[in-house]
Amino acid sequence: MTNRYSFIGGSQGSWQVTDIRSTVGNGLDVVDRVNVVNAAITESPTNSMWVLQSFVSNVRYAKRNEITMLRAVQPSLNRSEAVVAVLIPIKKNAQWWDMAQDERRAIFEEQSHHTAVGMEYLPEVARQLHHCRDLGEPFDFLTWFEFAPEHTQAFEELLRRMRDTKEWDYVEREVEVWLHKAVEFKM
Ligand code: HEM
């Protein structure tokens, strides 16, 4: 199985778009649905407005104890009750990428407590980090979250807390694509 993914914004796919909110920089064109495909797409499918490419990879910052704690509580994707998903593409600025890995880690965790804060919202929120900077894409990361509707407020609180941190001083583009799992009627 490939580690490549494509998020196709258009009229097809199992995720219905309920809202697209640009929080920093340019947003994304409004579409009806997002199709998440576990493959690299070379040509934009007809009726698609945008295609975001990514790959899943090994961890970069997490230390052994953090990996162990995460593994103990993090839920898997695609739980039946988790019908809300949020796709958040993020681009960080040149200053961030000019730093050394240890300097970035210090801002990410020791100053911003990204993992520690995020852990408070597990196991309700399932997550998957996708990388795309190395593909020459418009964003550096595609972050993906799934949860049951009753945890929407908690997730919005998490977003506010993350955006209040030093790490977010380096974010130059961020868009929220709010999704709801489409109900497929079978005859
Ligand atoms: C739900 C709770 C969350 C947890 C437990 C969590 C945990 C983590 C961890 C452990 C990493 C580091 C992965 C590595 O070592 O390479 C990471 C990276 C990242 N997370 Fe989160 N996260 C959460 C929520 C969020 C949210 C809500 C956002 C966006 C609004 C976000 C955006 C990112 C980004 C962009 C990265 C990559 C940072 C970089 O490499 O510069 N995370 N997250």
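This is a predicted model: local features need pLDDT of at least 70, side-chain atom pairs count only at pLDDT 80 or more; totals for chains, interfaces and linings use all residues.

Me: OK, how many helices and strands has the protein got?

Reply: Five helices and eight strands. Those are DSSP runs, numbered from the N terminus: helices are H or I with at least four residues, strands are E with at least two. Going from the N terminus, the order is β-β-β-β-α-β-α-α-α-β-β-α-β.

Me: What about its radius of gyration?

Reply: The protein has 16 Å, and a compact globule with 187 residues would be near 16 Å, so the two agree. The radius is taken over C-alpha atoms, and the globule rule is 2.2 Å times the number of residues to the power 0.38. Along the principal axes, the C-alpha atoms fill a box of roughly 55 × 35 × 35 Å.

Me: Which strands does E1 pair with?

Reply: Strand E1 (4-10) pairs with strand E4 (residues 50-55) in the antiparallel sense over six bridges. E1 is also joined to strand E3 (residues 33-37) by five bridges, again antiparallel. Two strands count as paired if DSSP finds at least two bridges between them. To find these on screen, look for glycine 9, whose bridge partner in E4 is tryptophan 50, and isoleucine 8, which stands opposite asparagine 35 in E3.

Me: And is E1 mostly covered or mostly open?

Reply: Mostly covered, with five of its seven residues buried.

Me: Next one, E7. Why is E7 described as largely enclosed?

Reply: Because five of the seven residues of E7 are buried, it is largely enclosed by the rest of the structure. E7 runs antiparallel to E5, with seven bridges, and antiparallel to E6, with six.

Me: Which residues touch the most others in the largest nonpolar core?

Reply: Phe7, Val34, Ala85, Leu87, Leu142, Val177 and Leu179, out of 24 residues in that core. E1, E5, E7 and strand E8 (171-181) each give two or more residues to this core, and E5 has the largest share, five residues. A nonpolar core here is a set of buried Ala, Val, Leu, Ile, Met, Phe, Trp, Tyr and Cys residues joined through C-beta atoms within 7 Å.

Me: What does phenylalanine 7 touch?

Reply: Val34, Val36, Leu52, Leu87 and Leu142, leaving out residues up to four places away in sequence. Touching means being in contact, with C-beta atoms, placed from the backbone, within 7 Å.

Me: Switching to the ligand. Which residues come nearest?

Reply: Val59, Arg60, Tyr61, Ala62 and Gly118, out of 21 residues around the ligand. A residue is near a molecule if its C-beta atom, placed from the backbone, lies within 6 Å of it. H4 gives the most to this shell, four residues. Other elements that supply at least two include strand E6 (126-131) and helix H5 (152-163).

Me: What's the shell like by class?

Reply: There are 14 nonpolar, four polar and three charged residues. Nonpolar covers Ala, Val, Leu, Ile, Met, Phe, Trp, Tyr, Cys and Pro, charged covers Asp, Glu, Lys and Arg, and the others, Gly among them, are polar.

Me: Is asparagine 78 buried or exposed?

Reply: Exposed, because it has 10 other C-beta atoms within 10 Å.

Methods. Residues are numbered from 1 along each chain as its sequence is written. A residue is buried if 20 or more other C-beta atoms lie within 10 Å of its own, exposed if 12 or fewer, and partly exposed in between; C-beta atoms are placed from the backbone. Two residues are in contact if their C-beta atoms, placed from the backbone, lie within 7 Å.
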